[in-house]
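Dear colleague,

Please find below the structure that I am handing over to you. The findings follow after it, grouped by topic.

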Amino acid sequence: MADVSIVSCPSYEPEVCRQALLQALAPVGGLGFVRPGMRVGIKANLVSFMKPEAAATTHPVLLSELTKLLKEQGAASVVIGDSPGGLYTAAYVKNVYRAAGMHETEKAGAELNMDFSQKEADNPEGKIARRFTYTGWLDGCDVLIDFCKLKSHAMMSMSAAAKNMFGTIPGTLKPEYHYKYPNAADFARMIVDLDEYFKPALSIADGVVGMDGNGPTMGDPKPMGVLAASRSPHMLDLACARLIGLKRQDVPTLEAAYERGLIPESWERLDISGDIDSFLVPDFAHIGQKNDVVFFGDMLLGRGKNPFKKALGKVMQKALRSRPVPDGSSCVGCGQCAQICPAKAIEMRDKLPHIDRGKCIQCFCCQEFCPKGAMKAVRPVIARMLNR
Ligand code: SF4
Ligand code: SF4
């Protein structure tokens with residue numbers, strides 16, 4: 001069985017998606033893990049009230065075609081769910097379903113999750129998240145599929161299979177988790193704890209039209225024509241990072257997975273079915289931070305061991321990190337960014353958000369959930385000049 005499978009999927013035409021799913025799933029074991037009578041959960045990415053064309057959410061045609069395949073495999077029921085950012089209530093999530101075109105999936109035989117209970121998990125195996133609250137609908141599933149969207153992400157550099165599982169945390173609690181784990185490395189370790197706790201049997205990435213630029217909600221749709229699948233969300237992400245020009249070290253969730261021996265050191269060590277090089281997206285616009293500790297240490301102090309290298313690299317990395325900046329021309333002064341900010345770093349003055357840089361933990365919740373895309377993740381000029 002291959003570690004990862006990558007296939008062409010040039011459009012969201014139903015038959016094109018069905019064939020691409022069949023082709024992508026076969027090398028990673030197909031749907032053989034689904035036994036007759038099972039209830040299969042699909043954890044989609046339904047981050048916010050976004051239409052499918054915005055490319056922020058898993059496309060409904062892919063979810064519909066997967067539902068049909070699962071039913072053909074003998075699944076008794078297929079339930080699609082997620083906890084978007086914001087309220088975790090029936091009224092709120094129903095609006096997200098409507099915007100994201102999820103009612104199409106009902107025609108294919110899927111149910112949309114309507115269980116908004118919350119459960120507590122004890123996770124002694126976790127590195128960071130040993131106890132956490134999660135969305136109760138997951139308990140009703142015999143097996144779980146992680147169906148993510150491939151996107152840029154300001155804090156995590158990339159949002160794909162591993163990050164998608166943060167949606168197992170109820171939306172109202174997400175800002176608390178950001179505040180609890182302000183450091184990107186710890187936040188990533190917490191996400192890997194969630195991945196390992198829920199252990200999706202299959203992970204699939206919708207890269208037919210991904211998102212680059214101001215992701216994961218207000219970036220630009222990026223046609224990539226690719227569908228990828230794996231038994232491991234981390235191996236899938238390692239291949240997805242390669243597709244969009246990132247290394248393992250650039251993506252905190254990949255570093256956290258590598259620390260635990262869940263992925264090899266580089267995508268080159270993966271057994272990939274499909275010609276990954278034919279799907280590379282060299283002009284993918286990044287907003288996240290790349291890992292500059294080694295790069296700047298080497299650049300300023302030369303290659304080789306040097307006791308100051310790590311410290312210097314970290315100082316440079318901090319100076320080069322992206323930061324949230326409001327765009328006065330598109331901001332409507334709604335104040336949602338100030339409400340969601342877990343660090344209480346935003347104050348509204350004259351209907352414009354002002355960010356206290358000393359308090360900001362660079363979680364980018366304000367950027368992710370600004371309804372107008374007016375909060376931008378901006379990379380410092382020097383970072384852009386260095387094209388890092
Ligand atoms: S959420 Fe966006 S539009 Fe609303 S105040 Fe903040 S930056 Fe402006
Ligand atoms: S200002 Fe934005 S990035 Fe900074 S802590 Fe608040 S929500 Fe996070």
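How many nonpolar, polar and charged residues does the shell around ligand 2 have, by class? That shell has 12 nonpolar residues, 1 polar residue and no charged ones. Please keep in mind, here and throughout, that this is a predicted model.

**The two ligands**

Ligand 2 has 13 residues around it, and those that come nearest are Cys341, Ala343, Cys360, Cys363 and Cys366. Ligand 1 is likewise surrounded by 13 residues, of which the closest are Cys331, Cys334, Gln336, Cys337 and Cys370. Sorted by class, the shell of ligand 1 holds 9 nonpolar, 3 polar and 1 charged residues.

**The chain as a whole**

The protein chain contains 14 helices and 15 strands. Of its 388 residues, 49% are buried.

Apart from its neighbours within four places in sequence, Cys240 is in contact with Leu150, Met158, Ala160, Ala205 and Ala228.

Strand β9 runs over residues 202-212, and 11 of its 11 residues are buried. On one hand, β9 pairs with β7 (residues 143-153) in the parallel sense over 6 bridges; here Cys148 stands opposite Ala205. On the other hand, β9 pairs with β10 in the antiparallel sense over 9 bridges, and Ala228 in β10 is the bridge partner of Ala205.

**Backbone features in loops**

The loop between β9 and β10 (220-230) contains Pro216. The peptide bond from Gly215 to Pro216 is cis, with omega near 15°.

Lys344 is not a glycine, yet it has a positive phi of about 50°. Lys344 belongs to the loop between α12 (336-340) and β13 (346-349). Is Lys344 buried or exposed? Lys344 is exposed, because 10 other C-beta atoms lie within 10 Å, and a residue counts as exposed with 12 or fewer.

Lys351 also has a positive phi although it is not a glycine, in this case of about 65°. Lys351 sits in the loop between β13 and β14 (352-355). With 11 other C-beta atoms within 10 Å, Lys351 is exposed.

**Asp115**

Asp115 is located in the loop between β4 (111-112) and β5 (118-122). Asp115 has 13 other C-beta atoms within 10 Å and is therefore partly exposed. Setting aside its neighbours within four places in sequence, Asp115 is in contact with Gly136, Trp137 and Gly140. Asp115 and Gly81 are separated by 34 residues in sequence, and their C-alpha atoms are 9.2 Å apart in space.

With kind regards

Technical notes:
Residues are numbered from 1 along each chain as its sequence is written. Chains are lettered from A and ligands numbered from 1 in the order in which they are written. This is a predicted model: local features need pLDDT of at least 70, side-chain atom pairs count only at pLDDT 80 or more; totals for chains, interfaces and linings use all residues. Two residues are in contact if their C-beta atoms, placed from the backbone, lie within 7 Å. A residue is near a molecule or strand if its C-beta atom, placed from the backbone, lies within 6 Å of it. Ala, Val, Leu, Ile, Met, Phe, Trp, Tyr, Cys and Pro count as nonpolar, Asp, Glu, Lys and Arg as charged, and the others, Gly among them, as polar. Helices (H or I, at least four residues) and strands (E, at least two) are DSSP runs, numbered from the N terminus. A residue is buried if 20 or more other C-beta atoms lie within 10 Å of its own, exposed if 12 or fewer, and partly exposed in between; C-beta atoms are placed from the backbone. Two strands pair if DSSP finds at least two bridges between them.
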